[in-house]
Amino acid sequence: MGPYRRKLITPLILILAALSIYFIMRWTALERGRLSILEGGLRDALAPAERGITLVVNKTEGWLAAIKNYSRLQAENQALKQEIAALKAANIQLEEYRQENNRLRNLLKFTEVNRNAFDFTVAPVIGRNPSNWYHTLTLGLGSRAGLQKDQVVVTSQGVVGRIVAVTPRTAEVLLILDREGALGGMIQVNRTPGIVEGSPDYRGYLQMIHIARDAPVMENQVVVTSGLGGIFPKGLLLGTVVKVLPEPDGLMKRAIIEPSVDFDRLEEVLVITRVKGGIEDAVPGAGASGAGRTYPGGNPATGL
Amino acid sequence: MLLGLAGLILEATLLPAFKMAGVKADLLTVFLTIFAFLKGAPRGAAMGFIYGLLEDFYLAKFLGLNALTRMATGYLVGLSKDWLNHDNLLGPGILTFLATIGQGFLFLLVGHLAGFKYPWLAGMLTVVLPMAFYNGSLALLGYSLYQGGAAWGTRKRKTGS
């Protein structure tokens, strides 16, 4: 090979290399589904290292940012904690309002149904009798709000009791559960009368005593006030018979009654401040004998 | 006195939510028994009278009935001061159990004389007995806490000095 040709080889190789690169560039410029072995191999070989380094860098950046923003994050965390606590408190308050709203709505419904029969005052329950021997409630309203002795206290579920003592700001209610809170009652469906009082042996239950042995009293019968005695208006719901027991003398029997009111859960009650016309005015025909009638006091079976 | 008033308020407001077997705890009896066990018969009787009278005024019924029964309870429990070891944690629990039963019996007895005609058997079985278990358990717990607190206070004083 002469010196002239040897001089030409280098530029020729460069031109060929440039052309090859150009064509390779053109070829690889297009979208390719599969990479070449060289490209793919290199990428796969480097991938774990890339992943590791990227992870470390990201974490380090995060830590650095956290360190840099520590005081700001701490303040933010504190603020969020306070916000959560405030929201929780608000949530509890809202739940209280919701429940109070439900209770008051039930009382309102009851007063609406019975507005022709009675005048009512809503009173809050502020305390219960500290002793296990007596069953009384203390209301947060007294004579200043027009409450008087012997006014009847009810809820939308039924009879609670009667007021036995008043002060200007409080009133004491003797529950029908108390042995001294006896009142006249009757079986709603067949008008069998009896005296209803707190049961001493079935604690938390009422009992109708002095029932004739052959009287048609049986379980699941609804018991309402009879109106005898002059304090409790007739037809208010007292409870449901759950058991009938013979008296030891064998001549009479007694009925154990589950009260319609949950005395341990009372928060607001209605005090009947005036009996306008009794339940005959509220529900025409309520005083007549027969089943399936509607009474103030809300017999659940009748939907009131 | 203040403890008695606090107990009375708790019995009227909070404790009805924690009824067991239909009865609530009688905190005044629990306080009184522990007090009388620690301080003896004369002071136990005095405290029982004060607690009872406080309760009678609050209840506004059969004035003196609780004063009398609690005074007797405080006195009788206080007699145990000299023959029961104060380190015995079970002592006040058992004493409160027995004191509640005795006090309940006395309450019914004096109550009957005063016109409070509660049936004897039902009163003892449905009110006094469950209350005795409830009060006894609370006294056991309360006295253990009291003794624990006292021991901690003594250690703290020794360490400080």
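Modeller: Read along its sequence, chain B runs α-α-α-α-α-α. This is a predicted model. The count for chain B is six helices and zero strands. Of its 161 residues, 42% are buried. Take the contacts in chain B with a separation of 6 or more: 73% of them join residues 24 or more positions apart.

Now chain A. Here there are four helices and 12 strands. Chain A has 304 residues, and 29% of them are buried. Among its contacts with a separation of 6 or more, 58% link residues 24 or more positions apart.

Next, the nonpolar cores. The largest one has 45 residues. A:V154, A:V160, A:V173, A:V223, A:L238 and A:V269 have the most contacts inside it. Another core lies apart from it and has 37 residues, including B:A45, B:M47, B:Y75 and B:L76.

The chains also touch each other. Here 15 residues of chain A are in contact with 22 residues of chain B. By class, the chain A side of this contact has five nonpolar, five polar and five charged residues.

For the close look, I pick helix 2 of chain A. This helix covers residues 37–68, which is 32 residues. How far apart are its end C-alpha atoms? They are 45 Å apart. At 1.5 Å a residue, the helix should span 46 Å, so the two values agree.

Helix 2 of chain A also has a bend. The angle is about 40°, at A:A47. A proline, A:P48, follows within four residues.

Of the 32 residues in helix 2 of chain A, the number that are buried is zero, so the helix lies largely in the open.

Finally, the confidence. The mean pLDDT of chain A is 82. In chain A, 90% of the residues reach 70 or more. Confidence is highest in strand 5 of chain A, residues 171–175, at a mean of 93. It is lowest in helix 4 of chain A, residues 279–282, at a mean of 46.

Take care with residues 281–304 of chain A. There pLDDT stays under 50. The model does have 52 contacts beyond four places in sequence for these residues. Still, where pLDDT is low, the predicted coordinates should not be read in detail.

Note on methods:
Residues are numbered from 1 along each chain as its sequence is written. Chains are lettered from A and ligands numbered from 1 in the order in which they are written. This is a predicted model: local features need pLDDT of at least 70, side-chain atom pairs count only at pLDDT 80 or more; totals for chains, interfaces and linings use all residues. A nonpolar core is a set of buried Ala, Val, Leu, Ile, Met, Phe, Trp, Tyr and Cys residues joined through C-beta atoms within 7 Å. A residue is buried if 20 or more other C-beta atoms lie within 10 Å of its own, exposed if 12 or fewer, and partly exposed in between; C-beta atoms are placed from the backbone. Two residues are in contact if their C-beta atoms, placed from the backbone, lie within 7 Å. Ala, Val, Leu, Ile, Met, Phe, Trp, Tyr, Cys and Pro count as nonpolar, Asp, Glu, Lys and Arg as charged, and the others, Gly among them, as polar. Helices (H or I, at least four residues) and strands (E, at least two) are DSSP runs, numbered from the N terminus. The expected span of a helix is 1.5 Å times one less than its number of residues. The bend at a residue is the angle between axes fitted to the seven residues ending there and the seven starting there. pLDDT is the predictor's confidence in each residue, from 0 to 100.
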